[in-house]
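Please look at the structure first.

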Amino acid sequence: MPGFTTRPELRGDFGMVASTHWLASATGMSVLERGGNAFDAAVAAGFTLQVVEPHLNGPGGEVPVLFQARGGAPRVLCGQGVSPAAATIGAFSGMDRIPGSGVLAATVPGSFDAWMLLLRDHGTMTVRQVLDHAIGLAERGYPVLDRIAAAVEALAPVFSRHWAGSAALYLPHGTAPAAGSRLRNPALAATYRRIVSEAETVGGDREAQIEAARRSWSQGFVAEAVGAFLSSPVPNGLGEPQRALLTAQDMADWSATYEDPVSVTHGVHTVHKTGPWGQGPAMLQQLRTAEVLGIGSDVREGVSADFVHRVTEAAKLAFADREAWYGDPEFTDVPLKELLSARYAAERSRLVDDTRACLDLRPGSPGGRTPFEPPSYLPGDAPGDRTTGEPTVRNAAGSGRTDLRGDTCHLDVVDADGNMVSATPSGGWLSSSPVIPELGFPLGTRAQMFWLDPASPNALSPRRRPRTTLSPTLVCREDGEAVLAIGTPGGDQQDQWTTTALLRVLNGVDNLQEALDTPMFHTNAFPSSFHPRETVPGDLVVEPRVGRDVIAELSRRGHRVQVAQDWSLGRLAAVARDPESGELRSAADARGNQNYASGR
């Protein structure tokens, strides 16, 4: 018997797009219908997300991409910009944590160059063609989501008093835009139109145009405008002037790069993630532990207390290791081979007590090494301002207050040829720092994820990638053919919610929509990646659909259970392909009331 679904799983053989906004999904399908491939569609959808979800991402942010071109091997495209050359621990003297907002926490904006590199090497379309939808939406206006309206209303005092560029864009008549109204961003449209124009001055060669666009961004007028904006102190959310570390030269010195994914097998599939400059390997550790503990064998029976308990305890172990060991592998020796080994998984699995939740942070010691143990900050012990940390989303527990918990964007695309893309754009959201008036977007604050302790594998140093939460997923079958791309927004929760859905897909739940619609849960029992970096020991947040008996049993086992609003945890999207029949599938869950899958 098929399980409950909020929407039908889409099936076809032409192309599929699933994303966190219907306009991005529509953009991707439009590009496929016009003859583009999955890479063209992903790039166009990615730029559309920057316009229509400005509270969750923007051009000043970053993007990791996992993909497979038909006939090739899975690859990672790293669009995570690095810290500035001047970003030393000493530059933050007197602080115990890097601020969650303001220009001090800015890293090199990475998403534009990454999207252009993907377009150059694997797409078929021009710069104009992939930017067309984003430019049109920015010029004509896009619908204001409830969450955009709420975020701007909360930030209105900051915008009106301290961030003039943000006020001009998001308070066009002196007040926050109403939900359902339309909002324009003419400055961003002009930025992208100028990039298109400068790209086309080099002639008709597609790749030459893309290279010209990349130069316009990193070495041309965009970098110059960023440098000029940061040449004087810029107020933070409290109105305090800060001297930025980021410069135009930092932008000129960086470009997106390709690398191999990190992978583990799970049954007959291989799951691919980014390296330890992202949190993706934490999912792989969870899957290793799941195999040892037999998690997933009963997923067709629904979400049981045993399932939630074991998945949560496995997540705690994996994320404790994330804090102890993960960082940019170009700067730190990450013992990834040991962390992902079957032997280590067996050792760690013995720590899971089926009768009792653990309240301690327990990193492992791969190879006998001593783990880094981060400081423990409890909620509320670091005052923040209205712009602090993560993009604003509604408080999941439904208390009526605004909760600055993480969210971002996600998109997945597959075409008839089997090209498959999974990407998680983020950063540069409207609450991160002031809008640069000439460009129409703010810079990101990804440097907040660094620790200011040199003993940390994720310690701040110049030109280093912060260990981010952005975590797309690509799954291949035994012969290497990509069969699934999946992901969700959600900061530290991304590799918890996606793992829950993936365990269902890889263990016999055939309907993608059913897997995404399953009741979700997560823990915050490890240091948050975002300022103020708090830890909530024993925490377990669940959607009420897990059931009263399950909630009662979890509480009995010692979990400090918070029951969230229904349909509030995650915004999952996925596409799939059957290499034998060529059938394509897609799904997007109903959480947030804006995710959509499209295809035929």
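**Serine 19**

- A polar atom of the serine 19 side chain lies 2.8 Å from the backbone oxygen of histidine 21. A polar contact is a pair of N or O atoms within 3.5 Å; within protein, one must be able to donate a hydrogen and the other to accept it, and residues adjacent in sequence count only if both atoms are side-chain atoms.
- Serine 19 sits in strand S2 (residues 15-19). Strands (E, at least two residues) and helices (H or I, at least four) are DSSP runs, numbered from the N terminus.
- Serine 19 is buried, because its relative accessibility is 0% (buried: under 20% relative accessible area, 1.4 Å probe, protein chains only).
- Beyond neighbours within four places in sequence, serine 19 contacts residues including His410, Ala588 and Tyr596 (heavy atoms within 4.5 Å).

**Basis**

- This is a predicted model: local features need pLDDT of at least 70, side-chain atom pairs pLDDT 80 or more, while totals for chains, interfaces and linings use all residues. Numbering runs from 1 along each chain as its sequence is written, and side-chain values use heavy atoms, without hydrogens and water.

**Cavities**

- Seven cavities reach 30 Å³ or more. A cavity is a set of points on a 1 Å grid over the protein atoms alone where a 1.4 Å probe fits but cannot get out; lining residues have an atom within 4 Å of a point.
- The largest cavity holds about 80 Å³. Its lining has 15 residues, with Gln50, Pro54, Pro59, Tyr170 and Gly440 closest to the centre.
- The second largest cavity holds about 60 Å³. Helix H12 gives the largest share of its lining, four residues.

Terms used. On a 1 Å grid over the protein atoms alone, a cavity is a set of points where a 1.4 Å probe fits but cannot get out, and a pocket is an open set with protein on both sides within 12 Å along at least five of seven lines; lining residues have an atom within 4 Å of a point. Grid points are joined across faces, edges and corners, and a volume is the space filled by probe spheres set on the points. Buried means under 20% relative accessible area, exposed over 50%, partly exposed in between (1.4 Å probe, protein chains only).
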